[in-house]
Amino acid sequence: MIQSFSLTGFRNLAFESFALSPGANFIYGENGVGKSAFIESLYYLSYGRSFRTSNPDNIIGFEAPYSLIQADISCQ
């Protein structure tokens, strides 16, 4: 289970940090704020590839030197 999660330079997210609940987590917000990027980053963390592009360079945010996904995971 993912307990916390942070993104740096992923798509339109310069830096975001998330604390996830062990139950249900709802993702909501206005258009263009990064909801799809959040889901894509979880997929990328899980499968090592994007479901939106075959070129990994496309996930690096505009003018970002790199993209980083970090997660704290518990195995309970």
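A salt bridge here is a side-chain nitrogen of Lys or Arg within 4 Å of a carboxyl oxygen of Asp or Glu. The model is predicted, so local features need pLDDT of at least 70, side-chain atom pairs count only at pLDDT 80 or more, and totals for chains, interfaces and linings use all residues. Residues are numbered from 1 along each chain as its sequence is written, and side-chain values use heavy atoms, with hydrogens and water left out.

**View 1. Arg11, Glu40 and Arg52 are linked in a network of salt bridges.** The count of salt bridges comes to two. One joins the side chains of Arg11 and Glu40, at 2.9 Å from N to O. Arg11 sits in the loop between strand E1 (2-10) and strand E2 (13-19), while Glu40 belongs to helix H1 (residues 35-47), so this pair ties together parts that are 29 residues apart in sequence. Helices (H or I, at least four residues) and strands (E, at least two) are DSSP runs, numbered from the N terminus. In the other salt bridge, the closest N and O atoms of Glu40 and Arg52 are 3.4 Å apart. Here, too, distant parts of the chain are linked: Glu40 is in helix H1 and Arg52 in the loop between H1 and strand E3 (68-73), 12 residues apart.

**View 2. A closer look at Glu40, in helix H1.** With a relative accessibility of 0%, Glu40 counts as buried. Leaving aside neighbours within four places in sequence, Glu40 is in contact (heavy atoms within 4.5 Å) with Phe10, Arg11, Ser50, Phe51, Arg52 and Ile59.

**View 3. Gly61 in the loop between H1 and E3.** Gly61 is buried, with a relative accessible area of 9%. Not counting residues up to four places away in sequence, Gly61 touches Gly9 and Arg11. Look also for Ala14: Gly61 and Ala14 are 47 residues apart in sequence, yet 7.1 Å apart in space, C-alpha to C-alpha.

**View 4. Strand E1 runs antiparallel to E3 and to E2.** Two strands pair if DSSP finds at least two bridges between them. Six bridges join E1 to E3, and six join E1 to E2. Ser6 is a handy landmark: Ser6 stands opposite Gln70 in E3 and opposite Ser17 in E2. In the hairpin of E1 and E2, two residues lie between the strands, and Arg11 takes a positive phi near 50 degrees.

**View 5. The largest pocket holds about 180 Å³ of space.** Of the 13 residues in its lining, the closest to the centre are Phe18, Ile27, Gly34, Lys35 and Phe38. E2 and H1 are the elements that give two or more residues to this lining, and E2 gives the most, with four residues. On a 1 Å grid over the protein atoms alone, a pocket is an open set of points where a 1.4 Å probe fits, with protein on both sides within 12 Å along at least five of seven lines; lining residues have an atom within 4 Å of a point. Grid points are joined across faces, edges and corners, and the volume is the space filled by probe spheres set on the points.

Terms used
Buried < 20%, exposed > 50% of the residue type's maximum accessible area, 1.4 Å probe, protein only.
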